[in-house]
Amino acid sequence: MKTRNDFIQYCCYPFLPAKSFSVSYLYHFNHKTHLTKHWLGGRITGEVKANNFSLSAQSHKVNCFVSENDRLFFDFNKNAKSLTWKEVFSFLREGDHLLVQLSSDEFKNKTQSASLYEISNIEKIVLVSVNKTEKMLSSSTAVVQKQQSWFDFLDEVHKGMRELGLKRVATPTLVDCPGTEPDLDFFETELYFSTEARKKKMFLISSPEIYMKRLLCCGWTDLYEVKKCFRNKEAGLLNYSEFYMLEWYRAYSHLPILIEDLQFFLNYLSNKITGSSFPKLKKISMKELFKQKVGMELHPSSAKEDFIRELKNKNIPFEESGDIEDLFYLLFLNEIEPHLDQKTPLVIYDYPPFQKAYARIGPEGWASRFELFWKGMELANAFDEVITKEEQNSRFEEDIRKRHEQEKQKVPSSHKLLDDMQAGMPPCSGIALGLDRLFLAFKGLKSIDQIRLFV
């Protein structure tokens, strides 16, 4: 055999030998299973050298050592050939998938603390699949390892929620009401009823909020969901139209309890991911932030003219026709958010009443809600929830009116939620946390594309 093509033609094994498993299987069972005469498989990671190579499967890797003069069997197509490793290694390429047959079950740790094993007793090697691209796969290997880290992160999210005593629920993804928020665009489709010759407008869920609140009306008290959500016209370094939302609610509870939940949960994840505790959450009111960063006395009664005056003083361009929320955010995005300490997780509470969304208005006139900022990102949004049918219907109608004024797509209010609230909804608080962004923050990544497997 003189070329790689010759090697592939004669030495690629067409099916798996008996008693074969992956490198990750080895790690899963902590290499305690009896491995003599078993086949261990993975993809070649890194450069193939004269006497060693590494096999990887998902985030696990094992280093294999071979003597240059060892004769290894490569062909099982009724024409078995043995070649020295020195003859063979030049034909292999990063990305090829190999199986090695172990002649003993002896494994050695590279270091006492590392979960990286070395194998030196190899009897046979077979090629089971080949990398036919000229491009090296080191970047692909990094993507797989990053994805494994992401899936492990999601596992820990569920464990952290269980530690908080929350029950996992599942809500629908295709819904008749995705929400009514004026600033959101929804994915829309039609559901056909072939037996009834009719169709119905449906949407992909933007948040499980409405349906989790319906569960609260049915008697659930402490519940959570990790939900794939969809929002149209969102793209950027920190946004994508398809993302993971963690949402949880507690009945007979209020925002201070959710802040305690958040601190516990982030501390749990930090210990699992970084091996250290999460910083203590710092709390500050929106009123105090405006005083410190903008020099403005913010009140529940602050009017549009107050924000226009401050924007002019700061020489920030704005549209006179913009509503009070637009002007508020211009000041926040220009004068406050860029100057927040990125290392300190910050809980901002007490929002102006025009920022109420579905939050109750507190006794001092502020919207009873908070947001979490960390590493330059808004990560979470929490409310003391509206619980009466009349007030919730008023919020729906206000949102729908704003959507009409902005010529946004038409969406209905959730009459089923309103009907359920008529039967009684307990006082409760709820929080939505963006998991993609949280993962970026923990890993020090800058773009959501860095954790997307399919782009």
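A salt bridge here is a side-chain nitrogen of Lys or Arg within 4 Å of a carboxyl oxygen of Asp or Glu. With that cut-off, a search of the whole structure turns up 21 salt bridges. Keep in mind that this is a predicted model.

Start with Lys233 and Asp185. Their side chains form a salt bridge at 3.9 Å, N to O. Where do they sit? Lys233 is in the loop between strand 15 (222–230) and strand 16 (242–251), and Asp185 is in the loop between strand 12 (174–175) and strand 13 (188–193). The pair therefore ties together parts that are 48 residues apart in sequence. Lys233 has 67% relative accessibility, so it counts as exposed. Asp185 has a relative accessible area of 14%, so Asp185 is buried.

Next, a pair inside one helix. Glu209 and Lys213 meet through their side chains in a salt bridge of 2.8 Å, N to O. Both belong to helix 5, residues 209–217. They are four residues apart, so about one helical turn separates them.

Lys356 is buried, with a relative accessible area of 17%. Glu398 has 22%, and that makes Glu398 partly exposed. Glu325, Lys356, Glu398 and Lys402 are linked in a network of salt bridges.

Now the helices. Look at helix 7, residues 286–294, and helix 9, residues 324–336. Their axes come within 10 Å and cross at roughly 60 degrees. The two helices are therefore oblique to each other. The crossing is left-handed. Which residues make the contact? From helix 7, they are Met286, Leu289, Phe290, Lys293 and Val294. From helix 9, they are Phe328, Leu331, Phe332, Glu335 and Ile336. By class, that contact has eight nonpolar residues, two charged and no polar ones.

To recap. Lys233 and Asp185 join two loops. Glu209 and Lys213 pair within helix 5. Lys356 and Glu398 belong to a salt-bridge network with Glu325 and Lys402. And helix 7 crosses helix 9 with a left-handed sense. Questions, please.

Methods
Residues numbered from 1 in each chain as written. Predicted model: local features only at pLDDT ≥ 70, side-chain atom pairs only at ≥ 80, totals over all residues. Heavy atoms only, no water. Axes fitted to C-alpha atoms, helices over the stretch in contact; angles between N-to-C directions. Parallel < 35°, antiparallel > 145°, perpendicular 65-115°, else oblique. Left-handed = near helix turned anticlockwise from the far one by under 90°. Contact = heavy atoms within 4.5 Å. Nonpolar A, V, L, I, M, F, W, Y, C, P; charged D, E, K, R; others polar. Buried < 20%, exposed > 50% of the residue type's maximum accessible area, 1.4 Å probe, protein only.
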